[in-house]
Amino acid sequence: MKAGCCLILACGALWAQSAAPVRFRNVAATAGLRFVLENAPTPEKLVIESFAGGLAVLDYNGDGRPDIFFTNGASLPSMRKNSAKYSNRLFRNDGGMKFTDVTAEAGLAGEGYSMGVAAADFDNDGHVDLFVAGVGASRLYRNLGNGRFQDVTASSGLIDDHWAVAAAWFDYDNDGKLDLWVTHYTQWPPATDRYCGDRLRNIRVYCHPKHFQGLPNRLFHNLGGGKFEEVTRQAGLATHAGRGMGIAVADYDGDAFTDVFVTNDNEPNFLFRNLGNGRFEEVALAAGVAMLDSGKPVANMGADFRDYDNDGWPDLVVVDLFSETFPLFRNTGKGGFRDATYSSRLGRASFNMSGWGPGLFDFNLDGWKDLFVSCAHVNDLVELFEPTVYRLPNSIFLNEKGVFRDVSSTAGPDFRTPRAHRGVGFADFNGDGKIDVVVSSLLDPAELWENTTDSDGEWLIVRLQGVKANRDGIGASVRWGGQWNTMTTSTGYASSTHFGVHFGAPRGQAPDTLEVTWPGGKKQVVSGVKTKSVLLVREE
């Protein structure tokens with residue numbers, strides 16, 4: 001990586017002169033969000049140390065304010081949380097950009113070396129639950145609705161004993177119950193303790209991905225009643241092994257079934273097309289998202305699956321390491337994608353960067369989704385081998401009608417602070433309609449970036465409540481005028497954002513009609529939409 005990630009703000013042809021520049025300030029300390037991601041680094045350079053850091057944004061207590069959950073590491077090599085500093089942490093949003101640590105009363109300190117997290121209401125009881133992916137053991141926590149969570153892993157049948165990096169909730173068979181997809185990196189611990197680096201200089205580094213054999217993804221079917229069944233083989237996934245990192249879900253081909261994109265580390269990515277009969281077909285190469293047009297696999301990290309160019313089709317943005325660029329795949333609407341990395345100008349802007357978690361959101365309320373990336377390199381000693389650095393500032397790219405421009409240098413006086421950033425989550429934490437950002441960092445305090453952009457744009461947050469579909473409405477497509485967005489909680493790297501669907505629009509140009517396409521294809525139109533509000537749409 002080189003210095004910086006990027007944030008992209010969108011302007012649009014008619015609005016280019018009036019689009020507000022994006023501004024952020026880190027308010028973590030004054031907000032009471034005191035968390036340090038402890039990855040327990042060792043002289044042996046165990047590769048899991050560099051992959052930690054997923055987080056989740058969710059309203060765990062139903063008060064309308066997004067709360068924050070951080071995963072955390074554990075002591076190595078025991079992989080036990082034998083100190084309070086290794087606890088996973090839950091912070092309650094008390095309003096006014098103030099947070100309180102409620103980990104103990106919620107029962108979420110956790111066990112083992114945690115990695116990623118996925119938030120959703122898997123049992124349709126109106127309370128957001130958590131799946132925590134870990135190294136060798138993952139956990140399912142059911143939200144009891146009284147401020148506490150219960151570990152129901154054993155009774156649910158949702159058992160995963162591999163190194164799980166990330167997970168995503170979605171309803172793959174449109175039966176109204178959320179299923180779970182889990183990505184894996186490699187078998188852990190590895191068969192041999194390989195030395196990687198320069199023995200002559202006594203420099204040991206994290207081993208290159210080529211030294212690790214990938215694993216298949218796993219799919220767990222929600223049977224209802226709190227029970228799951230693994231259907232990996234039946235779904236046609238068992239023969240596709242990869243070093244899985246990020247995961248993003250959307251219906252990319254418009255057939256009313258949610259598809260799954262998985263990034264693989266230094267291997268071609270996977271795109272699993274949902275065939276609608278309980279099976280998936282891996283089509284990444286044919287669809288044009290396995291690799292960049294260069295044909296070279298890169299260090300793919302996190303991903304986001306949203307419509308960046310306002311044409312009605314979800315696109316894919318991926319982030320990776322220094323000199324590899326941040327790949328952007330534009331959905332053609334014909335079952336395939338086109339490499340838009342350089343035509344969007346994201347390639348040139350990101351060439352010297354390294355990223356972990358991307359998120360496409362309209363930060364300045366101009367009607368176009370900008371790009372925020374949590375940035376850092378994987379190798380903490382990369383300066384000894386490459387012309388880049390390990391700790392980097394986050395990045396922000398302004399979306400100007402489908403073309404991105406790096407505006408990180410003007411995003412705020414403290415925005416350029418370099419850290420080993422990892423997980424990232426997005427939400428309107430203070431109720432002003434603008435999207436704020438939370439970021440975790442290895443061995444450094446978490447950041448809470450309050451969006452202080454001076455914009456007169458309109459905003460709308462849509463929260464869905466399924467009746468025939470899953471209660472969260474995950475997998476639904478929402479159209480507001482000439483903009484489309486997807487209801488998903490799978491965002492960034494090993495992270496989850498559960499607060500609804502956000503839109504922005506220039507002042508005076510906000511539509512008063514909204515259209516929701518629910519999982520399964522049923523359309524619902526809502527009239528009389530008021531901006532600067534949170535709109536609850538119940539499935540008819």
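**A disulfide and a set of aromatic rings**

Cysteine 196 is buried, with a relative accessible area of 9%; buried here means under 20% relative accessible area, exposed over 50%, and partly exposed in between, using a 1.4 Å probe and protein chains only. Before going on, a word on the model: it is predicted, so local features need pLDDT of at least 70 and side-chain atom pairs count only at pLDDT 80 or more, while totals for chains, interfaces and linings use all residues. Residues are numbered from 1 along each chain as its sequence is written, and side-chain values use heavy atoms, with hydrogens and water left out.

Back to cysteine 196. A disulfide joins it to cysteine 207, S to S 2.0 Å, where a disulfide is a pair of cysteine sulfur atoms within 2.5 Å. Search the whole structure and you find one disulfide. The link of cysteine 196 and cysteine 207 is right-handed, with 95° about the S-S bond.

Now to the rings. There are 36 aromatic pairs in the structure; rings of Phe, Tyr and Trp (its six-membered ring) pair if their centres lie within 6.5 Å, and planes under 30 degrees apart count as stacked, over 60 as edge-to-face and the rest as tilted. One of these pairs is phenylalanine 24 with phenylalanine 363, which is edge-to-face at 5.7 Å centre to centre and 75° between the planes. That pair links distant parts of the chain, 339 residues apart: phenylalanine 24 sits in strand S1 (residues 24–26), and phenylalanine 363 in the loop between strand S26 (355–361) and strand S27 (370–375). Strands (E, at least two residues) are DSSP runs, numbered from the N terminus. Phenylalanine 24 is buried, with a relative accessible area of 2%, and phenylalanine 363 is buried at 0%.

Phenylalanine 24 has another partner. Its ring and that of phenylalanine 415 have centres 5.8 Å apart and planes at 20°, so this pair is stacked. Here too distant parts of the chain are linked, with phenylalanine 415 in the loop between strand S29 (403–406) and strand S30 (421–427), 391 residues apart from phenylalanine 24. Phenylalanine 415 is buried. Zoom out, and Phe24, Phe363 and Phe415 belong to one aromatic cluster that also includes Phe361, Phe372, Phe426 and Trp449.

Finally, look for charges over rings: NZ of Lys or CZ of Arg within 6 Å of the ring centre and within 35 degrees of the ring normal. Arginine 199 lies over the face of tyrosine 195, at 3.9 Å from the ring centre. Lysine 45 lies over the face of tyrosine 206, at 5.0 Å from the ring centre.

How values were computed: Helix = DSSP H or I, 4+ residues; strand = E, 2+ residues; numbered from the N terminus.
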